[in-house]
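Work through the exercises below with the sequence and the structure at hand. Try each task before reading its solution.

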There are 2 protein chains.
Amino acid sequence: MEKYFYKDFNGAFNDASYASNYTAKRGASPIPRRHSKISTLDEVMDVIEDGDVISYPHYYRTGDKGLELVVQKLRQYGKKNICLYANAIFDHTEPWLQNAFRDGVLTSFYGNPYRKFGAFLMNGGLDQPSVGFSHGNRVRKLQTGEIKVKVAFGPVPMADIHGNASGCLGDSKHWCGPLGLFLADAEYADYVCLLTGDVSDRLLIPASISMELVDFVVPVDCPGLAEGIGSGTLNIEKARSNPFNAKIAENVTKVMHAAEVIQDGFNFQVGSGAGLVVLDNIRQELRSRKIQANYAIGGITSLHVDMYKEGLIDSLMHGQLFEASDKVVSSLYNDAKHVEISTGYYASVAGKEAAVNMLDVAVLSALELDLEFNVNTVCANGRIIGGIGGGQDVAAGADLTIMFLPLATGKNGKGFPKVVEKVYTKTTPGEVIDVVVTEDYVVVNPNSKSTKKNILIERAKEFGLNIIDIETLHDFSIKKAKEFGVLPILTEVTDRVIHYIEWRDGTLLDKIYQPFVK
Amino acid sequence: MEKYFYKDFNGAFNDASYASNYTAKRGASPIPRRHSKISTLDEVMDVIEDGDVISYPHYYRTGDKGLELVVQKLRQYGKKNICLYANAIFDHTEPWLQNAFRDGVLTSFYGNPYRKFGAFLMNGGLDQPSVGFSHGNRVRKLQTGEIKVKVAFGPVPMADIHGNASGCLGDSKHWCGPLGLFLADAEYADYVCLLTGDVSDRLLIPASISMELVDFVVPVDCPGLAEGIGSGTLNIEKARSNPFNAKIAENVTKVMHAAEVIQDGFNFQVGSGAGLVVLDNIRQELRSRKIQANYAIGGITSLHVDMYKEGLIDSLMHGQLFEASDKVVSSLYNDAKHVEISTGYYASVAGKEAAVNMLDVAVLSALELDLEFNVNTVCANGRIIGGIGGGQDVAAGADLTIMFLPLATGKNGKGFPKVVEKVYTKTTPGEVIDVVVTEDYVVVNPNSKSTKKNILIERAKEFGLNIIDIETLHDFSIKKAKEFGVLPILTEVTDRVIHYIEWRDGTLLDKIYQPFVK
């Protein structure tokens, strides 16, 4: 069943020169002239043949409504063997998505399967292995033509009849902000179909997706719900009140201070939760030193927008909405230096540069981490829990990549060490991780190539950092896990590959095997 | 010498279905990681081989300084047989550009040659015919790979070391505003080289050209001078004081009123000179009726910006600067609905839609026009005077295309009729011209497919329009020319083709032959 078609992983930065070529794509025919592109999904089915690839972006996250419409329409028309080039797949897709795979409407899958869909894959739901990729790699595959998409479907709150689309217009209940995750789909697919909540007869100006790329505009009742995207206005007090967040954020902030990364003109990415507390700490620091960050990228929140308006951050770059608030969306639409970026600009290694590469510091989280600093964000002992997201790209690009995680967790009399001998699944290679932060400890990767490594080590004590080595952290993690309860036994697996984990350049980083049926 | 490789022109809208495919292009190698792209032109020469195609945009117009640097560097490195994929070529390129062709550094040419360079071509300066194209067709050839550019050179006032560029930053003396004319070059060339006045170490956000596309950033003293782009703040009083402008504008405005094109939400493009007076008339009309135009496109001036700020125009779309003023450039950079567009979005027929197609009315000018309404903007009786520009695209796209020209002109005892039996060179087919306007007369094309044709004819008298037929206008034109003096004798030509005129889809519209040597 498994066809091993991969080049082996050859280091995070494969310096071998290779001929990267962007793929060709279908243009217009005949000459376009102001025709309305309003269509139905039925018409779109005409261009889809059995075995074709369709693509779909995940920016509505659990609020998405469009993918179900597409999959049910494929079923209605008796389509078979369709490959779904997706991204994150969440639990709201059940049962219709699994059923489509069971019934042969869909047969192959690219993307990051979460929880229920992950379990479906692990139970052998697909005849062939699926493929997990980073945001940048998803774009790279489209650019290089490794994947040729027949129809890219994109849900949007508003489009005009000619195919321009915006995520910041229309019914605010449907706002999804930047359409950056969909841009490469629209650029490289042969056909592009928008599923739109509202329709404008006039051109949308500005628009995020250009009518140059679009074939079909299909009005739908609901493309997706903004409320499924994020948790609304992220509450900094609530984040601070979580003891884990507070401790981690304090430790991460100390690392930043010791490493002198908070400088006038520095670039950064932080996540939500503890990341939000870190962001608030950065705000205080920028204020008190009267300096300005150059740009922040990824997971832009109200707090980012406040900092931008206050002049503490020069520019915000926005590829994917995490907070569907009026404050964030209005700022994106109106403010000259709060700009939408494509996922290719953010992270593709087929492009001649990517914004992740200019990050001075990035704060990321992980499921587990091992003695070689390899990171796992996907599969815990046979259960697929998380995805790759932009993690690989950001970790590889940032000068100082700070990876945080709890030392250990426990549940129902079981203890789970988070710093392990060998990660269950390698989703990011250790060579691109510079610092590991737990609640109480900090480990600097001796193989780190960060320009901040030496100063961080020199000034660690001065800033009250408890620096230890990875072996010691591993010991502490095991010890702590045992305090919670019994350590889990490693799930035994068959030799059937269920899911490939690619590195961002398309080489093979790891494989996930099907566990033995219990 | 001539190799006839063209499909014949098959109507302005060739409805035959054809397989338009975008070309492949070179991506990155190896994986990019925050390297500075600062280079010298000498380094760029390494990738150029004899016979390669280089491209260069013309947005600095007579102020351009970059092309000479490139051509002299090609000469210094002994490059031969290079094809120049240019656009408009003006007199400031002498003598170095002609010399480069004489010496075999350059051998083939795509673009719109004006005056001196036109004369050089007409004198047989090139061994093979050159090719003239519209703005949209120039992009289409890049998109479809009819032309494969090795290195695209782009002059910009400011770029960062990673290759993001903006025409609105840096030294205001070098501002060129939108880089839309260069975007397709940057997207489809194998290598992209910026020639930049200022260099930023920080990412330019927002930028008009993305670092994803750029290989080389070459700092230069002067990429081009804004003062060469346009005539500064265009003076409406000055335009009105020109008797021809005043009469033409009055007549054009009456046509618009009669045809009821000035409506809430209408889209328009007008040019400079008489076009500016028409724009001012539109302003009065929008004000008095308290309605708003949807978008204006092409040749955005201070007056457009004033109308945008006043709420008389919802959006401005900007592909090429004509007025390098702080008012226009600042508005482009800061205002949410004053947006930069690519020439592809504007006009390429390979894209799945183009903005010219949504124009309700466009006002264009011509050198001469004939009994079949064919237009000539390029070659008057053996002398190449003007270019195609966006004229073909706009005329084909707009619902109501108004072409204006003087009835006749005279000089040194000679008279030149402007409405002729057959244009010397057909640069736009008559089928896309709806109305012809001279100082005193209006002709409606009986073959016009404009939705405004009938109402215009019905209401012409009511609005004081002097409507005649094209044959009568031709007679008047001849008569008027004779009042100026002797009519010119048609230049006799050899059978050697000097220059092809393509229609926007790449079919052959006309050929310009070399005149007999006098």
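**Exercise 1.** In what order do the three strands of the open sheet in chain B lie, and with what pairing?

Solution. The model is a predicted one. Step one is to read the strands across the sheet: the order is S17-S16-S23 in chain B. Step two is the pairing, which is mixed in this open sheet.

**Exercise 2.** Find which strands of this sheet stand at the edges, and say why one side of each is left without a neighbour.

Solution. The edge strands of chain B are S17 (375-376) and S23 (419-420). Each has a single partner strand, so one of its sides has no neighbour in the sheet.

**Exercise 3.** Describe how S16 is joined to S23 in chain B.

Solution. Strand S16 of chain B covers residues 368-370, and two bridges join this strand to S23(B). The two strands run parallel. For B:Asp370, the bridge partner in S23(B) is B:Val420.

**Exercise 4.** Classify the ring pair of B:Phe101 and B:Phe117, and state which parts of chain B the pair ties together.

Solution. Over all chains, the count of aromatic pairs is 28. In the pair of B:Phe101 and B:Phe117, the ring centres are 5.6 Å apart and the planes stand at 45°. Planes under 30 degrees apart would count as stacked and planes over 60 as edge-to-face, so this pair is tilted. Next, locate the residues: B:Phe101 is in helix H3 (residues 96-102) of chain B, and B:Phe117 is in helix H4 (residues 115-122) of chain B. The pair therefore ties together parts that are 16 residues apart in sequence.

**Exercise 5.** Are B:Phe101, B:Phe117 and B:Phe109 buried or exposed?

Solution. The cut-off for buried is under 20% relative accessible area. B:Phe101 has 6% relative accessibility and counts as buried. B:Phe117, at 0%, is buried too. B:Phe117 also forms an aromatic pair with B:Phe109, which is edge-to-face, with 4.9 Å from centre to centre and 70° between the planes. B:Phe109 has 1% relative accessibility and is likewise buried.

In chain A, one aromatic cluster is formed by A:Phe101, A:Phe109, A:Phe117 and A:Phe120.

Terms used: Residues are numbered from 1 along each chain as its sequence is written. Chains are lettered from A and ligands numbered from 1 in the order in which they are written. This is a predicted model: local features need pLDDT of at least 70, side-chain atom pairs count only at pLDDT 80 or more; totals for chains, interfaces and linings use all residues. Side-chain values use heavy atoms; hydrogens and water are left out. Two strands pair if DSSP finds at least two bridges between them. Helices (H or I, at least four residues) and strands (E, at least two) are DSSP runs, numbered from the N terminus. Rings of Phe, Tyr and Trp (its six-membered ring) pair if their centres lie within 6.5 Å; planes under 30 degrees apart count as stacked, over 60 as edge-to-face and the rest as tilted. Buried means under 20% relative accessible area, exposed over 50%, partly exposed in between (1.4 Å probe, protein chains only).
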